[in-house]
Amino acid sequence: MTLQATPDSQPPFDMDGAIVFIAAAVARGESYASFAARFLGDTDHLLPPPAQGNLREDPRLRRSLAVALVRALWRLMPDPTHRYAPAPLPNPERNAPCHCGSGLKYKKCCAPIDAGVPIARMNLLPYLLDALPKKRWSELVGSRIALDMVGVTAHEWSRERKDKEALTLLEPWFVDDSHLDARHELIFDTLLEAYTHLGKLRKKAALLDRGVAQGDRTIRSAAIQRRVCMHADEGNYADAWKLFAEAQRADPESPSLSHVEVTVLISEGREDEARERARFWATRLRRRGDPDLDDLIGFLDNIADQGRTAMLDIAADMEPAVGELRTAVRHAPPVACAYALEPSGDSAGPLDADEALEEALAEWEDAFPEPDTLRFAEDAESEIWASAPDWLALLEQRPVLWQSFEVLDSLVQAVLLIPVAGTESLAIELLDRAEQVLREVLRANAAEGLKFEWGWLQNRTALSLLGERLSIEREQAPTPQAMTRLEWLVLTLNPTDNQGFRTRLLRHYLELGRFDEALAFADRYPDDFAPMRYSRALALFALGRTEEASTALREASEAYPRILIWLLKSQPKAPRSDGFGIEIGGDEEAWIYRQQHLGLWQRLDALEWAARTKRSRVHRAKPRSS
């Protein structure tokens with residue numbers, strides 16, 4: 001941070017050096033008088049003589065300017081001895097000796113310079129925190145520190161991925177519920193963001209629960225909005241929109257509702273609606289005339305103009321290398337085959353990279369952080385993108401890497417680590433390329449239409465990329481392209497379905513009214529887990545084979561009773577997750593099935609039949625009286 005002067009008059013003032021110097025003194029508890037006594041002996045290190053001009057010829061003027069700037073900065077520095085409010089400095093009397101030590105009266109010396117110092121309001125808290133031991137940061141809670149200083153500091157740290165520092169700064173504010181109010185919204189939201197970046201999901205969930213239960217209407221709305229985004233990230237848009245309505249009721253004037261609504265619409269693929277709502281919100285917020293909303297309004301204007309592309313621009317602003325990667329993807333070499341296969345019978349066999357690709361992959365492993373070690377690392381995103389100059393350069397030097405499934409998988413994971421909804425569009429470009437590469441590899445090896453089994457370890461990355469492409473779409477209704485991709489994966493490439501897409505394919509067959517295909521597909525997996533068995537019963541019912549359907553439903557409910565119980569509940573609440581995965585036959589599995597299939601059971605008028613079947617099963621289970 002350097003204060004630039006006019007070229008022919010003043011040299012740059014070392015603002016950053018002065019602030020660090022002052023922060024260290026204040027952190028030690030030194031008074032300004034003591035500091036000034038040391039500082040006034042040598043001001044040229046902060047304001048060195050220029051090559052020419054008045055300041056070179058007049059060291060007194062140079063010192064006066066340096067002293068004026070340092071005094072102005074001292075007045076802004078939070079001071080622990082004043083409960084983190086800036087320490088006041090008295091203004092010299094006009095006729096008193098000047099504080100700079102010149103011996104002149106203040107009015108004849110530094111008064112004009114003090115009046116013209118170009119420093120208004122700066123956030124110097126980060127400098128003070130750097131000078132203080134971290135164990136003292138909790139002293140800010142309940143002090144006289146300006147809350148916006150804490151919030152802006154933590155927010156900037158979060159943007160810079162200094163999330164551990166943000167956590168240390170913010171967690172003490174929420175050891176109890178006394179700060180769950182509108183004044184603390186920024187630090188509440190920033191702490192949640194830090195928890196997200198660091199993968200501390202239990203702590204995040206606990207803070208959200210407290211925000212909903214104990215927060216004022218602003219914090220409650222903010223907490224609910226976070227949950228909206230979490231549901232959207234999981235593809236659970238029905239619950240996301242229910243919670244969005246709840247957030248509106250909690251605080252209908254919250255400007256952040258605009259960001260949440262258009263972001264979820266973008267995530268859901270409803271881009272035209274997102275652009276329309278962005279225009280609406282931008283117009284509404286502009287009427288408030290609040291300059292603090294300028295950035296949000298600018299975001300909404302960009303969404304209205306560019307749709308999803310604007311979201312990717314935000315990611316590029318957060319991480320400039322994202323923009324470079326987007327350009328590289330669009331200038332990547334044409335798809336080609338860099339693998340050999342060993343087709344035998346109905347199997348394509350395992351992938352085997354050719355020599356050129358093997359050599360390039362050895363270099364890639366040195367340039368790109370090891371994915372397996374980063375998978376659960378708190379700083380995975382920052383480590384990957386910090387190394388971006390190396391791996392982006394390697395992609396340019398070794399274009400054969402664009403034909404590698406391992407490289408494409410690494411790039412997809414890097415993009416999806418960035419917590420901005422629009423990054424999915426770049427991930428989809430990479431995933432589409434991976435699908436094209438796989439189709440070309442199969443064609444070049446005369447293996448089209450053959451199995452490409454998961455059992456070969458070499459094949460798993462390519463299959464995982466195809467699965468990721470299906471997962472990232474989250475269609476509410478299956479598109480022809482999605483069905484083609486899904487059938488190719490489950491029916492042709494990997495019929496053992498180690499990736500678990502068969503439930504989705506069966507549901508789509510039912511949604512499209514392809515009931516014969518649904519039944520035939522379900523019969524491929526006899527005695528499968530609960531979702532397939534229940535959907536098979538529904539396919540039989542849809543075909544009018546009611547007796548067989550009732551038998552199938554009874555057998556499914558005897559093996560897995562929770563799904564039928566949850567299907568028939570009138571207004572259930574989601575079961576609480578224990579964070580250790582989904583138990584087969586448990587309430588979470590039943591809830592997920594209900595969320596994905598309830599509309600289908602309702603549309604086929606199958607719920608009343610299911611309830612009768614359930615009652616008949618209970619009746620049969622009752623022992624006869626003697």
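Analyst: Helices here are DSSP runs of H or I with at least four residues, numbered from the N terminus. The model is a predicted one. On that numbering, residues 423-444 form helix α23, and this helix holds E435.

User: Is E435 buried or exposed?

Analyst: Buried means under 20% relative accessible area. E435 has a relative accessible area of 13%, so E435 is buried.

User: Which residues does E435 touch, not counting those up to four places away in sequence?

Analyst: Contact means heavy atoms within 4.5 Å. With residues up to four places away in sequence left out, E435 touches L466, R485 and W488.

User: Where is E406 found, by helix, and what does E406 count as by accessibility?

Analyst: E406 is found in helix α22, residues 405-416. Partly exposed covers values between the 20% limit for buried and the 50% limit for exposed. E406 has 32% relative accessibility and therefore counts as partly exposed.

User: Where does K105 lie?

Analyst: K105 gathers with R94, K107 and K108 in a surface patch of positive charge. At 42% relative accessibility, K105 counts as partly exposed. K105 lies in the loop between β2 (85-86) and α5 (111-115).

Technical notes:
Residues numbered from 1 in each chain as written. Predicted model: local features only at pLDDT ≥ 70, side-chain atom pairs only at ≥ 80, totals over all residues. Heavy atoms only, no water. Helix = DSSP H or I, 4+ residues; strand = E, 2+ residues; numbered from the N terminus. Buried < 20%, exposed > 50% of the residue type's maximum accessible area, 1.4 Å probe, protein only. Patch = residues over 30% accessible without salt bridge, like charges linked within 9 Å, V, L, I, M, F, W, Y side chains within 5 Å. Areas by Shrake-Rupley, 256 points an atom, 1.4 Å probe, with all protein chains shown as cover. Salt bridge = Lys/Arg side-chain N within 4 Å of Asp/Glu carboxyl O. Lys, Arg positive; Asp, Glu negative; His and termini not counted. Charge placed at Lys NZ, Arg CZ, Asp CG, Glu CD.
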